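Here is a friendly walk through one structure, with a look at a helix and its surroundings and at some ring contacts. Have the model open as you read.

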Amino acid sequence: MIQRWNLKQVEVLFNKPFIELIFKAQQIHRRHFNPLIIQISTLLSIKTGNCPEDCKYCAQSARYKTGLKSQGLMMIKEVLANASKAKAAGSNRFCMGAAWRNPHDRDMPYLEEIIREVKAIGMETCMTLGNLSSSQAKSLAKAGLDFYNHNLDTSPEFYKNITTTRNYQQRLNTLNKVSKAGIKICCGGIFGLGETIKDRASLLVQLANLPKPPESVPINMLVKIKGTPLENNDEIDSFEFIKTIAITRIMLPKSHIRLSAGRNQMSEQTQAMCFMAGANSIFYGCKLLTTPNSKEDKDIILFRKLGLKTEHNLHK
């Protein structure tokens, strides 16, 4: 039976001593996963910039001057070349993002073809395209899409401080359509937006209490991008971030928890503690949509130091 969480229970977890929390998270993690195995995903931007949304953390919003060069939809052969390279580097899931408020129906044949072609080379597929209609979700499912990413970003209470061009319920509606279509959900949030501990707890309650918990949960640390309204935000404390990973593991025991944006600015020690706290997935490669990510060789060195293996290596 899936536990229903409330804010008070989660605030109790945030107040637990750090060492106790890590121990509890590690026990739960080991119950459901091999703690030495990391799932690897690669993320590619297939359409960059000129997004009409006003998300205050995002370089792709047309409203901010970030110096980002916008790019139309990528040619399918270029997407496939990137997918093949990602597979060779050790990824088993290829995630594709397009800077849209929502895809148009005219875009669906292109998206469906990409899904089929990437799956044909033996990779799981994931897309993040903004809001979806029920028919679009069904079309993506029919083409074989494995995961759909649609992050909640932050708590319902804090959300209007980050994005005003869509509301929280719209995000939940898209997740519901995706789930009903039979696609697995990839849904997480961003920490360091200026939110309180209560906001972090509230976001985790939302994620854990979805009708079906997300199979994949990306946890992002804000990457402060010059030109966005959040460029001067305070850094999130490393211990607070690790603690949040541990609480996510406790609340979502069977989900893959992915260290996502911001990993490039984390020390090896912080990443190691995140893995101890229950993170068991990363994005691999040189870029996350528009922000730098750890270079693959750095990850290989870290994995070697920690004795970690990837899902890809297990299936060789």
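Let us begin with Ile76, which lies in helix H3; helices here are DSSP runs of H or I with at least four residues, and strands are E runs of at least two, numbered from the N terminus. This is a predicted model, in which local features need pLDDT of at least 70 and side-chain atom pairs count only at pLDDT 80 or more, while totals for chains, interfaces and linings use all residues. Residues are numbered from 1 along each chain as its sequence is written, and side-chain values use heavy atoms, with hydrogens and water left out.

Ile76 counts as buried because its relative accessibility is 19%. Buried means under 20% relative accessible area, exposed over 50%, and partly exposed in between, with a 1.4 Å probe and protein chains only. Leaving aside neighbours within four places in sequence, Ile76 is in contact (heavy atoms within 4.5 Å) with Tyr110, Glu113 and Ile114. Its C-alpha atom is 8.7 Å from that of Glu117, 41 residues away along the chain.

Now to helix H4, residues 108-120. Which residues of H4 are buried? They are Met108, Tyr110, Leu111, Glu112, Ile114, Ile115 and Val118. Their cover includes helices H3 (76-89) and H5 (134-143), along with strands E1 (37-47), E2 (93-98) and E3 (124-128). After H4 comes Gly122, with a positive phi near 95 degrees.

Turning to the rings, the structure holds 3 aromatic pairs. Rings of Phe, Tyr and Trp (its six-membered ring) pair if their centres lie within 6.5 Å; planes under 30 degrees apart count as stacked, over 60 as edge-to-face and the rest as tilted. Two of the pairs are tabulated here.

| Pair | Centre to centre | Angle between planes | Type |
|---|---|---|---|
| Phe18 and Phe239 | 5.2 Å | 90 degrees | edge-to-face |
| Tyr159 and Tyr168 | 5.2 Å | 80 degrees | edge-to-face |

Phe18 sits in helix H2 (residues 18-32) and Phe239 in helix H8 (residues 238-251), so their pair ties together parts 221 residues apart in sequence. Phe18 counts as buried at 18% relative accessibility, whereas Phe239, at 51%, counts as exposed. Tyr159 and Tyr168 are both buried.

Finally, the charged end of Arg93 sits over the ring of Phe147, 3.8 Å from its centre. For this, NZ of Lys or CZ of Arg must be within 6 Å of the ring centre and within 35 degrees of the ring normal. Arg258 likewise has its charged end over the ring of Phe283, 4.7 Å from the centre.
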